[in-house]
There are 2 protein chains.
Amino acid sequence: MSAITVSRALRNPDTVSAKLRNSIDTAISTLGYVPNLAASRLASARSHSVGVIVPTLYNVIFAEYLQAIHEVLLPARLQPLVVNSRYSAEAEEVAIRTLLGQRVEAIIIVGTEHTPAARRLLETAHIPVVETFARSANPIGMNIGFKLDQAGIDATRYLIELGHKEIGFLVGAIDERASHRLDGYRLAMKEAGLDPVRHVVTMPELNSVGLGVALVEEVAKRGTVPSALFCIDDNVALGALHALRSRGLTVPGDVSVLGFHDLDFAACTVPALSTVATNRYKTGALAAEMTVKALNSPGSKRRKWHDVGYRLVPRASTGPARARV
Amino acid sequence: MSAITVSRALRNPDTVSAKLRNSIDTAISTLGYVPNLAASRLASARSHSVGVIVPTLYNVIFAEYLQAIHEVLLPARLQPLVVNSRYSAEAEEVAIRTLLGQRVEAIIIVGTEHTPAARRLLETAHIPVVETFARSANPIGMNIGFKLDQAGIDATRYLIELGHKEIGFLVGAIDERASHRLDGYRLAMKEAGLDPVRHVVTMPELNSVGLGVALVEEVAKRGTVPSALFCIDDNVALGALHALRSRGLTVPGDVSVLGFHDLDFAACTVPALSTVATNRYKTGALAAEMTVKALNSPGSKRRKWHDVGYRLVPRASTGPARARV
DNA sequence: CAGATAATTGACAGCGCAACCATTTCTGCT
DNA sequence: AGCAGAAATGGTTGCGCTGTCAATTATCTG
């Protein structure tokens, strides 16, 4: 039995006779042999891995997305290689470099805004690239997301239609995706003849429940609390709910609160949180499926853009504006 | 300029003269050269990567833990390789095999219960191994966690001291960590002369807000709702809070609710959730630090076990038992 | 049963880099 | 100027596996 036969037995068990396969299996388990993937990758020029770049691991949004990617990629015998860009374009560039060094066969990346060098790296790597979550006017390869700005418009209009004139926008560090929602907010406000700037409240921290509390304090410090608050995500909204209650303000009586993403807990807050439901799982699943297809049939041209949509979910935390005393 | 000099310039820029380094840098960026890590790993027999195995990505607990691991490992020039075992011992074994195939230099793994084959693999790999979250009587290498069973005892005793006689235990799929907490609950109940079995309610689904709702429905279906509910985590507790409210039960008036982990939102629920705070970030940070140290000074014997502790955080969702009508 | 085809097994070279050692160039000193 | 020693650079080899093609053995057909 030669080395090459063992190699084959490991990769394509069908092409080796049953008894040889058995003796190889027993030998491997008694010796505790573990094939060296680095050597395999070098020799075959195939890494069987896909790079996945997310801005943070500390967010359920991306956890669901990653879970979906894993569930699609693993059965296709592709190992996801998850790297965290920590919301930094420079770190993202480093991450891309690292992944390309690993010779990943494709890259799935959150966002469409990269450093020029990063973009060049992705373009010249000649591998499938999927940009996700945000819509790109000029995608590198494929693009999966939904109209974040339109979601911002719809959400703001919904509050305007409830009669609100002063609508706050609460957000922490403004990344690409937050910025699109903010654009939508501004557009809808302007369109309704309302001030699109005055009620935007922001802080450089990452969005979190605690930040929601802090943002409401900031709003209160500035003067009257608007009659509605559009929060960048459900965590901030939950914090806002809490801070408003602490200040003796009722929701939605005094203030309406609107979140974003429809996280697990949104239906269970008090009052139940109105929000915009987004499809994180589907985004990841689609991105991974498109990657697998692109790898399995490189030539074929298919749809480059997929919209996973969103849905306004009105619950109890938003209500009609009432005349201020 | 020879290939080997370039190789050196890339790895140890200090050992190469400045002007040569410059010309190499420009050449690399014009050519778009990206070193092949597989070849580097093969030649140097160093992978510069550390395997990290978690049961799921879809849980903030592990997200914080992973974030901490990343923050420690990356500056030490070690690439974390995160693999998801999907709460399955078999999948975990496959994950270990995959990681060893990549020749990871160490493995950080959640839990201490593995298949015999998996344990053998870890033992014979001769690399640092850190088992986390649960305490092991017989660790493979290092072990970081806290006394989960004692936390279960403390939490249950706290409810007993509030005068509760009927204390429900709500849990989904019972993994190693849940099982230790359940053990603690049983012990404390027995010790107080209370029934340690009757009020344990479980379902095979993964713990989530939705499951908390379902578990309370199940509890109600079985008869009287206990005067206190010890929930396996804060998500389940949040669902329980919601379901109790829907059924017209007040918290903590009719029912006290206790969570676990002290997630972000726990202080902001209505009423604020009493819970047991755990140190996920510290667990990950310590695990990664011990890994780095073990890799940098292989011989030295150091402490194998670290306790990151826990802390009971009483808030508004628990209160004294009142006489039932 | 010869000959042909299919199934199985083996030999060899090379993937791209880094360890090791050899060589060249530079520096400071008498 | 001449030399020792340090600094910088280069040559050779092999890491462990797989692609390609060749050789062997089993199986089938008329």
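Two strands pair if DSSP finds at least two bridges between them. The views below show a predicted model.

**Figure 1. Strand E8 of chain B and its two parallel neighbours.** In the predicted model, strand E6 (residues 167–171) of chain B is joined to E8(B) by 4 bridges, and the two run parallel. Within this pairing, B:Phe169 stands opposite B:Phe230 of E8(B). E8(B) also pairs with strand E9 (residues 256–258) of chain B, again in the parallel sense, over 3 bridges. Here B:Ala228 has B:Ser256 of E9(B) as its bridge partner. Between E8(B) and E9(B) the chain passes through helix H10 (residues 234–246) of chain B, and this β-α-β crossover is right-handed.

**Figure 2. The two faces of strand E8 of chain B.** In a regular strand the side chains alternate between the two faces of the sheet. Strand E8 (residues 228–231) of chain B is covered on both faces. B:Ala228 and B:Phe230 are buried on one side, and B:Leu229 and B:Cys231 are buried on the other.

**Figure 3. Strand E6 of chain A, enclosed on both faces.** Strand E6 (residues 167–171) of chain A is largely enclosed by the rest of the structure, because 5 of its 5 residues are buried. One side of E6(A) carries A:Ile167, A:Phe169 and A:Val171, and the other carries A:Gly168 and A:Leu170. Both of these faces are covered.

**Figure 4. The partners of strand E6 of chain A.** E6(A) pairs with strand E8 (residues 228–231) of chain A in the parallel sense, over 4 bridges. In that pairing, A:Leu170 has A:Cys231 of E8(A) as its bridge partner. E6(A) is also joined by 3 bridges to strand E7 (residues 200–202) of chain A, and these strands run parallel. The bridge partner of A:Val171 in E7(A) is A:Thr202. Together with helix H8 (residues 176–191) of chain A, E6(A) and E7(A) make a right-handed β-α-β unit.

**Figure 5. The protein surface near DNA strand D.** There are 21 residues around DNA strand D, and A:Ser7, A:Ala39, A:Ser40, A:Ala43 and B:Thr5 come nearest. Two or more residues each are given to this surface by helix H1 (3–11) and helix H3 (37–44) of chain A, and by helix H1 (3–11) and helix H3 (37–44) of chain B. H3(A) supplies the largest share, 5 residues. By residue type, the surface near DNA strand D divides into 12 nonpolar, 8 polar and 1 charged.

**Figure 6. The protein surface near DNA strand C.** Around DNA strand C there are 20 residues, of which A:Thr5, B:Ser7, B:Ala39, B:Ser40 and B:Ala43 come nearest. H1 and H3 of chain A and H1 and H3 of chain B are the elements that give two or more residues to this surface. H3(B) gives the most, with 5 residues. The residues of the surface near DNA strand C divide into 11 nonpolar, 8 polar and 1 charged.

**Figure 7. The rotation axis relating chain A and chain B.** Chain A is superposed on chain B by a rotation of 180° with 0.0 Å of shift along its axis, at an RMSD of 0.1 Å. The two copies are therefore related as by a two-fold rotation axis. A:Ala38 is the residue of chain A that comes closest to the rotation axis, with its C-alpha at 2.3 Å.

**Figure 8. The domains of chain A.** Chain A is divided into domain 1 (3–35), domain 2 (47–146 + 280–308) and domain 3 (148–278). Taken over C-alpha atoms, the centres of domain 1 and domain 2 of chain A are separated by 34 Å.

**Figure 9. A:Val52 in strand E1 of chain A.** A:Val52 belongs to strand E1 (residues 49–54) of chain A. A residue is buried if 20 or more other C-beta atoms lie within 10 Å of its own. A:Val52 counts as buried because it has 31 C-beta neighbours inside 10 Å. A:Val52 and A:Glu93 are 41 residues apart along the chain, and their C-alpha atoms are separated by 13 Å.

**Figure 10. B:Val313 in strand E12 of chain B.** B:Val313 is found in strand E12 (residues 310–313) of chain B. With 16 other C-beta atoms within 10 Å, B:Val313 is partly exposed. The C-alpha atoms of B:Val313 and B:Thr224 are separated by 27 Å, and these residues are 89 residues apart along the chain.

Key
Residues are numbered from 1 along each chain as its sequence is written. Chains are lettered from A and ligands numbered from 1 in the order in which they are written. This is a predicted model: local features need pLDDT of at least 70, side-chain atom pairs count only at pLDDT 80 or more; totals for chains, interfaces and linings use all residues. A residue is near a molecule or strand if its C-beta atom, placed from the backbone, lies within 6 Å of it. Ala, Val, Leu, Ile, Met, Phe, Trp, Tyr, Cys and Pro count as nonpolar, Asp, Glu, Lys and Arg as charged, and the others, Gly among them, as polar. Domain bounds come from an automatic or database domain assignment. A residue is buried if 20 or more other C-beta atoms lie within 10 Å of its own, exposed if 12 or fewer, and partly exposed in between; C-beta atoms are placed from the backbone. A crossover is right-handed if, with the strands pointing away from the viewer, the path from the first strand over the helix to the second runs clockwise. Copies are superposed by least squares on the C-alpha atoms of residues with pLDDT of at least 70 in both.
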